[in-house]
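Here is a short walk through the model, meant to be read with the viewer open.

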Amino acid sequence: MIIRKVTIEDYDKVVDLYKQLYDAERIFDNNLKKSYEIDEKQEKIIKKRIKSRKEIFLVAEIENKIVGLIDGYLIDSIYHKEKVAYLDHLCVDKKYRNSEIGTTLIKEFDNKAKKRGAKFIKLNAFENNIRAVNLYKKLGFKEYSIYYMKEISN
């Protein structure tokens, strides 16, 4: 397996993996749309993130096939004493799950964030996404804060 920086040529597979991630997470949030649709604006945002030097955006490849991705960035914050990296997306192709690809991607993200001066990595996860939560805990992540959401009634 090779872990490398994403390139613009990877765009179609990146979108495919984002769709897989979206489909997997949709069961945890009934406010998510039925499908992950890429419009012109979304395409520009994704391509900008792929090209950005500020992003930590990596893909995992097996036999020249992209099988996973991880992306995030360093947070510019007036609140933190030390630099914090935010892990935004982690997805492994459903055919390759449970094969340590996610673990390897997170460890490489950790290394890249550390080289950029980050002392912490922060992420959000649905509490009911037990597989993801267990992976994060296995890799040393600890529960940090809780987000709340409520539906606004008419």
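The report below goes through the model element by element.

This is a predicted model, in which local features need pLDDT of at least 70 and side-chain atom pairs count only at pLDDT 80 or more, while totals for chains, interfaces and linings use all residues. Residues are numbered from 1 along each chain as its sequence is written, and side-chain values use heavy atoms, with hydrogens and water left out.

**Strands**

Helices (H or I, at least four residues) and strands (E, at least two) are DSSP runs, numbered from the N terminus. Of its 11 residues, 8 are buried, so S3 is largely enclosed by the rest of the structure. Buried here stands for under 20% relative accessible area, exposed for over 50%, and partly exposed for what lies in between (1.4 Å probe, protein chains only).

The pairings are set out here:

S2 and S3 form a hairpin with 2 residues between them, and Glu 63 in the turn has a positive phi of about 50°. In S4 you will find Val 84, which counts as buried at 5% relative accessibility. The C-alpha atoms of Val 84 and Lys 112 are separated by 12 Å, with the two residues 28 apart along the chain.

**The loop between S3 and S4**

Ser 77 lies in this loop and is partly exposed, at 25% relative accessibility. Its side chain reaches the backbone nitrogen of Tyr 79 at 2.9 Å. The side chain of Ser 77 also makes a polar contact with the side chain of His 80, at 3.1 Å. A polar contact is a pair of N or O atoms within 3.5 Å; within protein, one must be able to donate a hydrogen and the other to accept it, and residues adjacent in sequence count only if both atoms are side-chain atoms.

**Aromatic rings**

Rings of Phe, Tyr and Trp (its six-membered ring) pair if their centres lie within 6.5 Å; planes under 30 degrees apart count as stacked, over 60 as edge-to-face and the rest as tilted. The structure holds 3 aromatic pairs. In one of them, the ring centres of Phe 28 and Phe 126 are 5.8 Å apart with the planes at 25°, so the pair is stacked. Phe 28 sits in the loop between helices H1 (11-25) and H2 (40-51), and Phe 126 in the loop between strand S5 (118-122) and helix H4 (130-138), so the pair ties together parts that are 98 residues apart in sequence. Tyr 136 and Phe 141 make an edge-to-face pair, 5.7 Å centre to centre and with 65° between the planes. Both Tyr 136 and Phe 141 are buried.

**Helix H2**

The buried residues of H2 are Ile 46, Arg 49 and Ile 50. Seen down the helix axis, these buried residues fall within an arc of 105° (taken from the directions from the axis to the C-beta atoms), so they line one face of H2. The face turned away from the buried side carries the exposed residues Glu 40, Lys 41, Lys 44, Lys 48 and Lys 51.

How values were computed:
Two strands pair if DSSP finds at least two bridges between them.
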